[in-house]
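Visitor: Could you take me on a close look at the sheet in this protein, and at the spaces around its strands? I'm new to this, so please keep it friendly.

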Amino acid sequence: MTSVAVSRLVAPREFELRDGRRVLVRRIRPEDRDRLQVGLHQLSAASRYHRFHAAVSELSPEQLSYLTEVDHVNHLAWIALDPTLPGEPAVGVARCIRVPVKPEMAEVAVTVLDAYQGRGLGTLLLGVLSQSAAMRGIRTFRAYVEEDNESMLRIFRDLGAHVGCLDVGVYQLDIPVPIDPETLPDTPTGRVFKAVAVRGAKTSSQKS
């Protein structure tokens with residue numbers, strides 16, 4: 001894939017969620033620091049624990065820098081914004097970070113504000129992230145998911161995840177990153193990934 005094609009596929013894209021609400025999805029930027037801090041405060045205690053595997057009430061300046069100043073090669077992150085609200089607040093983030101000793105594997109995490117859960121946003125963000133990860137040579141996502149996080153477990157299983165128990169109540173999952181979403185089965189996750197790929201192709205065509 002040429003650098004021109006890659007730049008087109010990583011351009012900001014607008015999507016429609018299941019309930020008709022629009023979101024703008026783009027790569028995360030350093031100026032999103034405040035959005036992440038505000039978003040953390042809007043997460044329930046359970047959602048915070050699912051994301052950080054610990055009780056987190058505030059992100060330090062160092063953590064905010066780490067989460068927003070990414071190279072999009074070894075650390076990829078996409079943010080979803082609600083363009084219908086003042087300031088376009090963050091409503092979800094998906095990121096992956098390469099495992100140093102296994103450069104074709106990256107640890108993945110997806111976070112969606114409680115008010116936006118159940119609308120397909122997590123699957124959508126994972127689809128966009130998978131597309132960019134595949135272009136960067138990442139072939140496997142590794143995730144650590146609590147056993148009560150049924151929505152993420154379902155999404156990852158739809159993608160053919162190998163599930164192993166890491167610790168009491170926490171699963172380690174290795175998920176193949178789809179090179180071609182069209183090869184995915186006809187599941188809710190597969191259909192969203194295919195739609196993301198089609199949307200990316202349309203964006204590229206419109207900018208040609």
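Guide: Let's start with S7 and S8 (residues 170-176), which pair in the antiparallel sense over 5 bridges. You can pick out one of these pairings yourself: find Cys165, and its bridge partner in S8 is Tyr171. Keep in mind as you look that this is a predicted model.

Now zoom out from that pair. S7 and S8 belong to an open sheet of 8 strands, and the order across it is S1-S2-S3-S4-S5-S6-S8-S7. The pairing in this sheet is mixed. If you'd like a reminder of what that refers to, strands of a sheet pair through backbone hydrogen bonds, either parallel or antiparallel. The edge strands are S1 (13-16) and S7 (162-167), and each of them pairs on one side only. On average, neighbouring strands of the sheet are turned by 25° against each other, if you ignore direction.

There's a helix to spot here too. H2 packs on the sheet and touches S2 (22-27), S3 (75-81) and S4. Its direction makes about 110° with that of S4.

Let's follow S4 to its partner. S4 and S5 run antiparallel and are joined by 8 bridges. They form a hairpin, with 2 residues between them. To find one of the bridges, go to Arg98: its partner in S5 is Ala106. S5 also pairs with S6, but here the strands run parallel, with 3 bridges joining them.

Next come the empty spaces. How do you find them? Rolling a probe the size of a water molecule over the atoms shows where empty space is left. A search of the whole structure turns up 2 cavities of 30 Å³ or more. The largest cavity has a volume of about 250 Å³. It is lined by 18 residues, and the closest to its centre are Leu36, Leu40, Leu43, Val93 and Thr111. H2 (33-41), H3, S4 and S5 each supply at least two residues of this lining, and S4 gives the most, with 6. Sorted by class, the lining of the largest cavity has 12 nonpolar, 3 polar and 3 charged residues.

The largest pocket is worth a visit as well, with about 690 Å³ of space in it. Of its 35 lining residues, the closest to the centre are Ala109, Val110, Thr111, Asn149 and Met152. Among the elements giving two or more residues to this lining are S4 (90-99), S5 (102-112), S6 (140-146) and the helices H3 (45-52) and H5 (121-135). The largest share, 6 residues, comes from S5. By class, the lining of the largest pocket has 17 nonpolar, 12 polar and 6 charged residues.

One last thing before you explore alone: how confident is the predictor? The protein averages a pLDDT of 88, and 91% of the residues score at least 70. Among the elements, S3 has the highest mean pLDDT, at 98, while H1 (residues 3-9) has the lowest, at 53. Over residues 203-208 pLDDT stays under 50, and the model has 8 contacts beyond four places in sequence for that stretch.

Conventions:
Residues numbered from 1 in each chain as written. Predicted model: local features only at pLDDT ≥ 70, side-chain atom pairs only at ≥ 80, totals over all residues. Heavy atoms only, no water. 1 Å grid on protein atoms, 1.4 Å probe; cavity = no way out; pocket = protein on both sides within 12 Å on 5 of 7 lines; lining within 4 Å. Points joined across faces, edges and corners; volume = space filled by probe spheres on them. Helix = DSSP H or I, 4+ residues; strand = E, 2+ residues; numbered from the N terminus. Nonpolar A, V, L, I, M, F, W, Y, C, P; charged D, E, K, R; others polar. Pairing = 2+ DSSP bridges. Axes fitted to C-alpha atoms, helices over the stretch in contact; angles between N-to-C directions. Contact = heavy atoms within 4.5 Å. pLDDT = per-residue confidence, 0-100.
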